[in-house]
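Have the sequence and the 3D view open as you read.

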Amino acid sequence: MVPSAVTWGLLAAWAVHDVEELATMAGWTRSARPRLEERLPWVPWERLEVSQRHVNVAVGLMGGVMAGASALGARTGGRSPVFQAALLGFGAHGVMHLAQAAVTRGYTPGAVTAPVVVIPFSVWAWRRLRAEGVPVRAGASGWAGLAALPVVLAGVHAAAHALTRPRVLAAFRRIRRGRRS
């Protein structure tokens, strides 16, 4: 039987990692932008700068995705293709953080917890799944899961952008005021 430390551990490891991103992403994108524009001029840095509100919403939305994937993993004993795709994506996400830090030659949000939480948890979880006899999705389905990572991340950030636009925020404030009356 796959321990819940594997399935719900994905959500816990993600939460630890995303606390770092929550605390550093908005400030880092503002302060690092001039240096990065000079070093990597082809990157559209103005599109990548995010507000703290955007980060908060994006982290919350991604938390929902990870909670759903972890719940599916717990319900299926780690056999869910969604859980396995999320686990694979989480590990790949950790490797991407290290690559980003190498390319930018410095700290990037998530680079501290990637080598000490994200990657070790992912490797451990895969080993535990295999040790418990859980069929691990490989081949085309594994690649499909990995390919879904940038799509999910882009979708989360697009939704966060839409939800944090000034017009959307003003509408939410009007709705809240109407409820208090």
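## Helices and their contacts

Ser122 lies in helix H5, residues 113–131, where helices are DSSP runs of H or I with at least four residues, numbered from the N terminus. This is a predicted model, in which local features need pLDDT of at least 70, side-chain atom pairs count only at pLDDT 80 or more, and totals for chains, interfaces and linings use all residues. Residues are numbered from 1 along each chain as its sequence is written, and side-chain values use heavy atoms, with hydrogens and water left out.

Ser122 counts as buried because its relative accessibility is 4%; buried means under 20% relative accessible area, with a 1.4 Å probe and protein chains only. Leaving aside residues up to four places away in sequence, Ser122 touches Leu87, Phe90 and Gly91, a contact being heavy atoms within 4.5 Å. A polar atom of the Ser122 side chain also lies 3.4 Å from the backbone nitrogen of Gly91.

Now to Thr7, a residue of helix H1 (residues 4–39). Is Thr7 buried or exposed? With 3% relative accessibility, Thr7 counts as buried. Beyond residues up to four places away in sequence, its contacts are Val2, Ser70, Gly73, Ala74, Gly78 and Phe83. The C-alpha atoms of Thr7 and Arg75 are 9.0 Å apart, although 68 residues separate them along the chain.

Helix H3 covers residues 52–75, and its end C-alpha atoms are 34 Å apart, which agrees with the 34 Å that its 24 residues should span at 1.5 Å a residue; the expected span is 1.5 Å times one less than the number of residues. Among the buried residues of H3 are Met66, Ala69, Ser70 and Gly73. After H3 comes Gly77, whose phi is positive, near 65°.

| Helix pair | Angle | Axis distance |
|---|---|---|
| H3 and H4 | about 125° | 8 Å |
| H1 and H4 | about 30° | 12 Å |

The angle in the H3 row makes H3 oblique to H4, and the angle in the H1 row makes H1 roughly parallel to H4; under 35 degrees counts as roughly parallel, over 145 as roughly antiparallel, 65 to 115 as roughly perpendicular and the rest as oblique.

Where H3 meets H4, Met66, Ala69, Ser70, Leu72 and Gly73 face Val82, Phe83, Ala86 and Phe90 in contact. From H1, residues including Thr7, Leu10 and Trp14 meet a set in H4 that includes Phe83, Ala86 and Phe90.

Conventions: Helices (H or I, at least four residues) and strands (E, at least two) are DSSP runs, numbered from the N terminus. Buried means under 20% relative accessible area, exposed over 50%, partly exposed in between (1.4 Å probe, protein chains only). A polar contact is a pair of N or O atoms within 3.5 Å; within protein, one must be able to donate a hydrogen and the other to accept it, and residues adjacent in sequence count only if both atoms are side-chain atoms. Axes are lines fitted to C-alpha atoms, for helices over the stretch in contact, and angles run from 0 to 180 degrees between N-to-C directions.
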